[in-house]
Amino acid sequence: MPDLVVFNIVVPRTDDRTGIVHAPKKFRDWVLATARRFGGISVVGINLRGLWFDPAAAGVAGLVEDHNNWYKVGVPAGRVDELRDYVRETATAFGQKCLYFERAGEAEFVWDPAHDPAARLG
């Protein structure tokens with residue numbers, strides 16, 4: 001049985017409401033808060049170019065270009081809804097209509113036998 005359900009979360013660097021680029025400190029604070037709350041987070045990439053279509057946007061047929069930070073977070077199956085709610089709050093905090101939240105798969109911890117918590121219990 002997997003230990004974690006893994007999610008990709010993409011957070012744009014620019015506030016959708018104001019057009020202002022978020023300070024790096026805002027992302028650092030969010031990463032630390034996420035790690036504290038869910039036990040860990042991986043920064044997969046920063047300032048990655050993305051394109052998407054927004055029918056409400058001006059421009060070439062609603063084409064929106066943005067730069068994003070990409071993260072992975074794994075949670076026990078019983079905390080998936082909590083993570084989803086947290087991502088919803090993150091969308092608001094970063095001024096986004098929505099955030100990309102992808103269930104990436106499942107993960108397990110493969111332990112060095114000298115450090116395996118199950119071996120200590122058993």
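Predicted model: local features only at pLDDT ≥ 70, side-chain atom pairs only at ≥ 80, totals over all residues.
Visitor: Why is Asp 81 called exposed?

Guide: Its relative accessibility is 54%, and the class begins over 50%, so Asp 81 counts as exposed.

Visitor: What makes Arg 84 and Asp 81 a salt bridge?

Guide: The term requires a side-chain nitrogen of Lys or Arg within 4 Å of a carboxyl oxygen of Asp or Glu. The closest N and O atoms of Arg 84 and Asp 81 are 2.9 Å apart, so the pair qualifies. Both residues are in helix H2, 3 residues apart, which means a separation of about one helical turn. Helices here are DSSP runs of H or I with at least four residues, strands are runs of E with at least two, and both are numbered from the N terminus.

Visitor: Which parts of the chain does the pair Lys 97 and Asp 54 tie together?

Guide: The side chains of Lys 97 and Asp 54 form a salt bridge at 2.7 Å, N to O. Lys 97 is in the loop between H2 and S4 and Asp 54 in the loop between S2 and S3, so the bridge links parts 43 residues apart in sequence. Lys 97 is exposed at 55%, whereas Asp 54 is buried at 9%.

Visitor: How do you know whether Gln 96 is buried or exposed?

Guide: Gln 96 has 14% relative accessibility; the limit for buried is under 20%, so Gln 96 is buried. Gln 96 sits in the loop between H2 and strand S4 (100-107).

Visitor: What makes the pairing of Gln 96 with Thr 14 a polar contact?

Guide: A polar contact is a pair of N or O atoms within 3.5 Å; within protein, one must be able to donate a hydrogen and the other to accept it, and residues adjacent in sequence count only if both atoms are side-chain atoms. A polar atom of the Gln 96 side chain lies 2.8 Å from the backbone oxygen of Thr 14, so the distance is within the limit. The Gln 96 side chain also reaches the backbone oxygen of Phe 94, at 3.0 Å.

Notes:
Residues numbered from 1 in each chain as written. Heavy atoms only, no water. Buried < 20%, exposed > 50% of the residue type's maximum accessible area, 1.4 Å probe, protein only.
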